[in-house]
Amino acid sequence: MRTSIHRSRRLGALAAVAALTTGLLTGCANDSGGKSDTSDGGGKGKTTITLGLFGTMGFKEAGLYTDYEKLHPDVTIKENVIEKNENYYPALVNHLTTNSGLQDVQAVEVGNIAEVVQTQAAKLEDLSKVTGVDKSNWLGWKWQQATTKDGQTVGLGTDIGPMAICYRKDLFKAAGLPADRDQVSKLWAGDWSKLVATGEQYKKKAPSGTTFMDSPGGLLNAILSSQSQKFYDSSGKVIYKTNPAVKNAFDLTAKAAKDGLVQSQPQFQPGWDQLISNSKFASVACPPWMLGYIKGKSKADSAGQWDVAQAPQAGNWGGTFLTVPKSGKHVTEAEKFVTWLTAPAQQAKLFAVQGSFPSAPSAYTLSQVTGAKNEMTGDAPIGTIFAQAAKSIPLQPIGPKDQIIQQGLTDNGVILVTKGKSAADAWDTATKTIDNNLEK
Amino acid sequence: MATRHDTAAPPVGEGGAAPAHSGAVSGADARRRARLSRRWQRDIRWSPYAFVSPFFLLFLAFGLFPLIYTGWASLHTVELTAPTDMQWAGLHNYTRIFDDDFFWNAAKNTLTIGIISTVPQLAMAMGLAHILNYKLRASTFFRVVMLAPYATSIAAASLVFVLLFGRDYGVINWALHFVGGGHIDWQNDKWPSQIAVSSIVVWRWTGYNALIYLAAMQAVPQDLYESAALDGANRWQQFFHVTLPQLRPTILFTCVVSTIGASQLFGEPLMFDANKGASGGAEHQFQTLGLYLYEQGWVNQHLGRASAIAWTMFLILIVIGIVNYVISRRLRESG
């Protein structure tokens, strides 16, 4: 008896050790702690395509994986999600430079796509050559963003972020402004300084404690993304300091901040979330996904209070690309899958469920887009409104360090004006920071 | 049961089985013994090296190699996006540090945050240790509680502190409001932000140091206190004239460890402003050297620059170490 107890104990220990070890090994091999991989013809001859994603991209939630698995019974789809892009992206760069640990499909955020195109194109498949990929499906600028100078397209666009201005009807009314979306759009049509002027008007009769817009960073970002040139010119030279469009955007935002037209909290921080839930600002520059964010942070009584007006000039905020690394395990399968996943019909479905706006213009006429409604905006036909914005987004050259420059202008620049610094001082601090960060 | 022929008693010689063999057997035995002894000696000689080797192999792989590689990278212009593509830059990455306002700003912040976190931390630790050294009920409980902040992860702790130090909805400003205190912007003003970061450090390490002091205090011979008491010294005099001098080596040790910890301060300021992350506030008001290094390397992806900063920090630490050593020797000689 004793020996058998001993043996069973030892067996138990062995099993535990074995389980732990395999757990560790597969954990390492899979890199983001997914379940162990049954690919490579193991099991029933199924191919497992893995996706590396960040944040909530919603493919799974929209049921697109199950759709594809039904169409292709020999394929299983698995995603590995890292919550924040600022954690996801450095890891992706490390994996690409060492050619290891990569998933079959890797998502890249629009803020990083220029750097990926310029530095990592050799490690990625040229997706323009894949059968079924039709360049004309995508908005021209979206396609261009993931294409190298010699014509290699490393990523297929999933969604974009056409920007409009979302505003609170009740607060606008209370401040004596029109609440109808067409009239509101007319207030500032074509000119960002008219938007700021509307803010001055709002301030005169504003409900106490509220401001016209949410944050200096949001306003600056909106103005900048609607310019034909931002931080880089088309040859790839950094021009942010000499580009009058950037300086004008900065000064206009600084003026709005100085006059108290914006709140002083940086976006997406706990303090800013509090502002949403307490209804402390009347408008916000807003791509479709922002409505989802607002919904998540609002109290129940603000449902239906929002509406969407056109921005003075349309710009783009956000959007993602899917790339296929050459060192992936199932390159051809992954290419086929990505082609299907980014086709107009699938993009429309993703919008209907998840609010990620299609980067395929032919999807804009599909009923899933034209009939889209949102709880925060009531009956507003958001699909049509955002589609209109999407069509007038300028083809703006994006550069590898766009994010660093933008972050400098926002977090080390205009935010300082709300703390009482002069616009000129804030510009100095921002440019000094940015230049130091750009220097190799 | 011996069924095989050779296992049966061998018919050797005239006198019987066993003794005739003895010569041959002892020869083999001696050889075997010699072999064993040689093996044993080899064992004695080399095994310790085998036993310590895991550490040194790991150190080579994860300590020495990165150190040398970083040194090599610091002499090049190299980006994280293409770490194999190095361009020789000589000492450029080092010489530019002299004109780098951000580096010196970070160095200054590291120093000031280091001082306003280390000094109160060690003073409070000493006080707490002194109290714990009295006879207390449930003293183990209090000692464990002391160590609890140290066991908490920085990330979790910092998140709580961020909420406490919030400008508009923070608990501390709310409390200050009742005593007529101003509306302090804990994140964006220089000194408040540095004090806030220091408070996280103080909270985390005070108990740890207190336990070290407590251990040292309990090693102080009781008769010293008795004779001091006979001489008419009160509690405070005993503390200053018996406890403190006896604790001098321990205090030096905690000073050195805290200094090293302070000069590498990273997690607390990083978490304190999740939005700006590595830039340490809108005006870099609480960016430490560790944070600056991280910003250059991982946010801006300038591997060469970051390596040079790392090595400069290393050299600064060595200088601090030497200063510490000199001071401690002086103190020991005078003591």
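1. B:Cys255 is a reasonable place to begin reading this predicted model, and the computed relative accessible area of B:Cys255 is 26%, which makes this cysteine partly exposed.

2. The cysteines of chain A that deserve attention are A:Cys166 and A:Cys286, which form a disulfide with their sulfur atoms 1.9 Å apart. A:Cys166 belongs to strand β5 (residues 164-168) of chain A and A:Cys286 to strand β7 (residues 281-286) of chain A, so the bond ties together parts that lie 120 residues apart in sequence. A:Cys166 is buried, with a relative accessible area of 0%, and A:Cys286, at 0% relative accessibility, counts as buried too. Over all chains, the structure holds 1 disulfide.

3. Also in chain A, helix α14 (residues 331-341) has 8 of its 11 residues buried, and therefore this helix is largely enclosed by the rest of the structure. Among the buried residues of α14(A) are A:Val331, A:Phe337, A:Trp340 and A:Leu341, and the list also includes A:Glu335 and A:Thr339.

4. Two residues of chain B call for a look at the backbone. B:Ala138, in the loop between α3 (101-132) and α4 (139-151) of chain B, has a phi near 55°, a positive value in a residue other than glycine. B:His284, in the loop between α11 (267-272) and α12 (289-299) of chain B, likewise has a positive phi, near 55°, and is not a glycine. As background, most residues other than glycine have a negative phi. What is the relative accessibility of each? B:Ala138 counts as partly exposed at 48%, whereas B:His284, at 4%, counts as buried.

5. Turning to chain B as a whole, the secondary structure comes to 13 helices and 2 strands.

6. Buried residues make up 36% of the 335 residues in chain B. Of the contacts in chain B with a separation of 6 or more, 65% are accounted for by residues 24 or more positions apart.

Definitions and conventions:
Residues numbered from 1 in each chain as written. Chains lettered and ligands numbered in written order. Predicted model: local features only at pLDDT ≥ 70, side-chain atom pairs only at ≥ 80, totals over all residues. Heavy atoms only, no water. Helix = DSSP H or I, 4+ residues; strand = E, 2+ residues; numbered from the N terminus. Buried < 20%, exposed > 50% of the residue type's maximum accessible area, 1.4 Å probe, protein only. Contact = heavy atoms within 4.5 Å. Disulfide = S-S within 2.5 Å.
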